[in-house]
Amino acid sequence: MTTVHILGFPRIGAGRELKTAVESYWKGESPRAELVQTGRELRARHWRQQRDVGLDFVTAGDFSFYDQVLDMSATLGAVPPRFEWPGGDVDLDTYFRMARGTAPSGKATHACEMTKWFDTNYHYIVPEFQPDQGFCLASHRLFDEVAEAKALGYRVKPALVGPLTYLWLGKAKGGDFDRLDLLDRLLPVYREILARLGAMGVAWVQVDEPALVLDLPEKWRAAYTRTYEALRDTPVKLLIVTYFESLGANIAIACRLPVAGLHIDLARGASQLDAVLAELPTNKILSLGVIDGRNIWRVDLDHALAILRRAADVLGERLWLAPSCSLLHVPVDLEREDKLDAELKYWLAFATQKMNELSVLKAALENGANSVLEEMEAVRAARRTRLSSVRIRNPRVRQRAASLAAKDEHRTSPFAQRHAAQQQRLKLPPYPTTTIGSFPQTADIRAPRRDFKAGRLSEAQYKEKMCAEIALAVSKQEQIGLDVLVHGEAERNDMVEYFGEQLEGFAFTRHGWVQSYGSRYVKPPIVYGDVSRPGPMTVEWAVYAQSLTRKPMKGMLTGPVTILQWSFVRDDQPRADTALQIALAIRDEVRDLEAAGIKIIQIDEPALREGLPLRAADRPVYLAWAVRAFRIAASGVRDDTQTHTHMCYAEFNDIIEAVAAMDADVITIETSRSDMELLDAFVNFKYPNEIGPGVYDIHSPRVPDTDEMVRLMRKARRVLPPEQLWVNPDCGLKTRGWPEVEAALANMVAAARVLRTAPPQAEN
């Protein structure tokens, strides 16, 4: 019998029940018991779905109130000292304060750093390690969830972040030391966890070690064998899980670990199968991720079945089937999409449908394809209609992309000349202040948007309400004293969805929510065909906002790579081709903004680093086409038009030259959570253009004072010349409330004034 399982299920709930419950608790509108009960109900529902579709295990430990890496930190007692954890079980409010700086109880302080989970748009809370770091079993949530599943009669497979991936993802704080030196302190707690799970009757434990797909230093590679030798005699079978890439040079290490099984990703690492089959000992199971856990297209069942049959000839009953990775990265259930175009819907599979695909593959493998002929034929028909559909190809778009010349990806003059022209036109002070783009998305904004979409408001009425909100945002910025203003993006539901709704080749769901971080969910567009721009998308709003002020108003756009990365992208052509098509659409918008009198245009690319291939050998090709896409989008303007871009929650050290090659006049980045640590990238690299290192964390409701922001900027100007520096928050402000935004921005403007009156020489 072939075993079928998943590595994780979306925790958010089909109706976003988790978001509602968590945010209600944060606001003090509901008690902790109500939040805990919502979690229990969601887990029970998801386990029932897994059982009903015929999976051999239900997965526990994939549910989280915020983030699974933060869950691991709580379980291991890795709580930074500033949270004043008294010991014992890490309570829910300490957990939330680590994530966001504040909770219904406990002292507010700055949150732990947040960054991208490998090359996804999911953000995890970065573990912090001290030189004297200790670990202890400090949260029993996983054991409680296992007990819940067992009480409901399920065969349960708990999931843990593996010890080496956990250490790899963390950061050393308070001293210069090697995180790997903490391994011997960490392993006893993992042994304790596994022993307790074994005592509860658990047979298999899923240990996620995606760090094994990276180009690891030799000492980390060697540590894998030592780690799992130390866990060998625990009373459970370990399934080492890898995903997002092939194992590459780590195949032999992974296959020879003293564990019972290994999972590999065949959606992103299809070429590794033969090498793994050759290397795997005959006493180990092999779990094959044959269904893409990160995209929403139906699997080619015939192709997947051919792969599985080849593997089954070698493995027999040692073959397990699974998605490539956790289904956390896709929406919950396609059946909720009652408004989606019927033809397009026929091409798709969300998390629930992907579990069904697993069951079909198992039946076909064990009983022959004819046993599920109806399901197989449906998938074949879907593939035929998709490949032959006239909707997916536009000859004019393809011709335009093919006819691009080298001059189209370069500004007319080098930065020094542009800078002089921009200064003459804009007349900005030293340390100019601005924000990243969005302002609070209040009920007064969301309600008219809902009413307009539902047909309860006319277009004229909707525009009137949005203009009122834009006027409010401009007025508040004027009062605060910001130097470069934004219109606040009241009309935008999401920085990608808003643009996709106005571009050809995109489709949208009503319920296709995916977790980005904490209670922040996004609804990624679906890029199913060639992309083009029928007409202006933002010009009317930007021109109206500029009419309200004499100060420069930024035109706000999302860049081509971010639109690509934060969408579910067609898989029938190279991603580079799709990025180029999007870039040409954004280029047209940039030129229209300039023609309308907008002097500063920001093209956000927060996902540029996220798209970086996990293997160093693959990165130059990606960076070449990603940077080219940005430059094509941004380069069609005059010297005195200033271009900005924004990047957040990512490490830039290894791509700083590519960031410079984008040639944006100003780049703004997230730096406050890392205490300006990200500026280390600029120590050995002379960044040529201007930069705004974020001075406060917008994902926490805590309002930092002026002194804190001045301290951060003084750290920045030890690395960068003062004339290159801007002052701004880390990211957009849409998730915050106006009182905290006004207070924080007022402190930020005050900080800029302090910096202008205190020359850097006075600090040395």
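This is a predicted model: local features need pLDDT of at least 70, side-chain atom pairs count only at pLDDT 80 or more; totals for chains, interfaces and linings use all residues.
Let me start with strand β6, residues 156–161, which is mostly covered, since 6 of its 6 residues are buried, where buried means under 20% relative accessible area with a 1.4 Å probe and protein chains only, exposed means over 50%, and partly exposed lies in between. Strands here are DSSP runs of E with at least two residues, helices are runs of H or I with at least four, and both are numbered from the N terminus.

Residues are numbered from 1 along each chain as its sequence is written, and side-chain values use heavy atoms, with hydrogens and water left out.

Within β6, V156, P158 and L160 point one way and K157, A159 and V161 the other way, and all are buried. Which strands pair with β6? Strand β2, residues 58–60, runs parallel to β6 and is joined to it by 3 bridges, and strand β8, residues 204–208, also pairs with β6 in the parallel sense over 3 bridges; pairing requires that DSSP finds at least two bridges between two strands. As for individual partners, A60 is bridged to P158 in β6, whereas A159 has Q206 in β8 as its bridge partner.

Next comes T165, which is found in helix α6, residues 163–169. T165 is buried, with a relative accessible area of 0%. Its side chain reaches the backbone nitrogen of A211 at 3.2 Å. Leaving aside neighbours within four places in sequence, T165 is in contact, meaning heavy atoms within 4.5 Å, with F118, D208, E209, P210, A211 and Y224.

Finally, the whole protein. Its secondary structure comes to 26 helices and 22 strands, and buried residues make up 64% of its 764 residues. How does the radius of gyration, taken over C-alpha atoms, agree with that of a compact globule? For 764 residues such a globule would have a value near 27 Å, by the rule of 2.2 Å times the number of residues to the power 0.38, and the protein has 26 Å, which agrees. Taken along the principal axes, the C-alpha atoms fill a box of roughly 75 × 60 × 50 Å. Among contacts with a separation of 6 or more, 78% are between residues 24 or more positions apart.

Definitions and conventions: A polar contact is a pair of N or O atoms within 3.5 Å; within protein, one must be able to donate a hydrogen and the other to accept it, and residues adjacent in sequence count only if both atoms are side-chain atoms.
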